[in-house]
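Hi,

Here is the structure I promised to pass on. Have a look at it first, and then read my notes below.

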Amino acid sequence: MLNRPAAAHAELQDLSDDLEVKAARRTWNPALHPRDSKGRFIETGGTVRLWGGKLARVVRALPNDRILVQDQSGPNEFSGRRHTTSAKWVSMVARPDGSAPTDNEDKVVAEDEKRDKDPRRGNGVARDDDGDPNTPNDPHDVDDRGRPIGDDDHPVGPRENDDQDEPADGHHPINVRALPNRPHGGGGRFADTAAVRQHFLDLAARPGTKPEMARFLRSVASDDDLRTTGDGRLAILRDDATGRWYLTATGTGQRMDIAGGFATPEEANEFASHLKRTAPTEGARVRAFSGFDFSDPNLDEAANSWRSTRGENVQAAIKRARAEFNHSRTPDNSDGPENVSRADLKPGDRIKVTVPRSDIEWPDSTRDQDKPEAVTVEGTVAPSHRSGAYTPLLDATLTRPDGTVMTSNDSVRIMRMPAQITRTGHTSGSASEERRVDQVRVGDVLTHGDFGHVVTDVSRYPGGRTFTTRNLGGRREVDQFGANTSDTLPVVPRGSRRPEDVQRDTPTRTQQHPNSTDAKRAAGAPRRLGSGQRARREAVARRRPR
């Protein structure tokens, strides 16, 4: 897979510049906010008055100044007909926060930032933005400057075919310019992330692209949190099946499997920088800034002739760079391990212990392997751990007496733990607390079950919440249950957890790469419910987690 650079590139920027797009204030994005009939800004999640007087919620901004709306079906309820219309034929009557409509860019940008940080809201481009459920939707008679909203006073009005029902498959064109954008440095092939998104959409539409690859490319293009390296040659995408991050060539969408996965997007970006720095293209005029061009659409052809200054082909350069990268990041555990008693174990402890084969519940990954008489297990005590019961471990590695690794990055239960255990470290932020159901958020960990469950989605129904969760261990099973708002649940709040752990455990909304270890099972996995189905979740049998 891989070519010579299109141009000499500047060094990759600092990680804070490369990957943190939400820390800086958003820039104004007119594609996300077309003007309404009176020249005020339309905001997804807000309320508009349609031509003829009916109220609807704006759920998406579409290309060509069109919007997707859902009609009001009752007080503060928008579950009616879904249809598209031109922005110029509607009037904004309430912003997503319940305030009066505005033509003030600063106010709209501030609301965009709130949407970014609220896991309950979609991006309003590729996913529905249902607004803030805690704010009113009542229409205003005047805007934020005291001017009357006004009536439908156009002498002709919209054309008969302007209003269109939502397609049966729910598929809408995506305005990639309305998604968050970041420029790339060094004059590369793709000037910014918007150009990468558009290129992926073009690849998906190309004749001969396999359906599963096309779905993947479209989902990456519509991901508002798309990460790329500073030169735009590689995308940094997470595999939800493993929780690890992988580099994907922006030229073709091929994943760099030979480099393996990374714990965080920052780590993946650091490796990309190391690869580029240590494998300049043979004969390049600016050696320090060259390297294989992963943004080349003819990647395989380019890879056949490319060589580094060391004479390596692309695959050899990646393997060598990964080995160097791993060696450079070997931690120095200066504090050393300590022996603790079984009763002293706490969630978050990193432990190492050797147990007889009868004292461990073997994970599925070892099903076809011969079991040794004893096995050394190293892992992190799961949030669900209770004193006196079995000990659940996450991120576990099982090693035979001869040093052969049987499985890694796995989950396992030790049914009988020795009296003394070696503790090699501890991850803070693993203690649980009781929280009211209406205070539980996406990214929190519920400490029930064998290993604990991370909350991946929360929806509301009168008097309660419906939670979608995923097991932190086992087969990462997806579960769904309902609970009354007055109830409490044992929770490790996302605010007390390490950001990288929240990022790892909370699923992205991106389609799995066809190379994903979980891709072939995806068709049989529980499907994420769309916003149009949320109103029906109340019918889900409400069972409390054990």
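Before the notes, one convention: two strands pair if DSSP finds at least two bridges between them. Helices (H or I, at least four residues) and strands (E, at least two) are DSSP runs, numbered from the N terminus. Keep in mind that this is a predicted model, where local features need pLDDT of at least 70, side-chain atom pairs count only at pLDDT 80 or more, and totals for chains, interfaces and linings use all residues. Residues are numbered from 1 along each chain as its sequence is written, and side-chain values use heavy atoms, with hydrogens and water left out.

Let's start with strand S20 (residues 464–471). Eight of its eight residues are buried (under 20% relative accessible area, with exposed meaning over 50% and partly exposed in between, for a 1.4 Å probe and protein chains only), so S20 is largely enclosed by the rest of the structure. Both faces are covered: Gly 464, Thr 466, Thr 468 and Arg 470 are buried on one side, and Arg 465, Phe 467, Thr 469 and Asn 471 on the other.

Which strands does S20 pair with? On one hand there is strand S19 (residues 453–461), which runs antiparallel to S20 and is joined to it by eight bridges. Tyr 461 has Gly 464 in S20 as its bridge partner. S19 and S20 make a hairpin with two residues between them, and Gly 463 in that turn has a positive phi of about 85°. S20 also pairs with strand S21 (residues 478–484), again in the antiparallel sense, over seven bridges. Here Arg 465 is partnered by Ala 483 in S21. This hairpin has six residues between its strands, and Gly 474 in the turn has a positive phi of about 60°.

Next comes strand S14 (residues 391–399). Seven of its nine residues are buried, so S14 is largely enclosed by the rest of the structure. Strand S13 (residues 374–381) runs antiparallel to S14 and is joined to it by five bridges, with Val 377 standing opposite Leu 398. S14 also pairs with strand S15 (residues 405–414), antiparallel and over six bridges. Leu 398 has Thr 407 as its bridge partner in S15. Five residues lie between the strands in the hairpin of S14 and S15, where Gly 403 takes a positive phi near 95°.

There is also an open sheet of three strands, in the order S7-S8-S9, with antiparallel pairing. Its edge strands are S7 (227–228) and S9 (244–249), each pairing on one side only. Strand S8 (residues 234–239) is joined to S9 by six bridges, and Leu 234 stands opposite Ala 249 in S9.

Last, the helix pair. Which residues of H5 meet H7? They are Glu 267, Glu 270, Phe 271, His 274, Leu 275 and Thr 278 in H5, and they meet Ala 317, Ile 318, Arg 320, Ala 321, Arg 322, Glu 324 and Phe 325 in H7.

Note on methods. Contact means heavy atoms within 4.5 Å.
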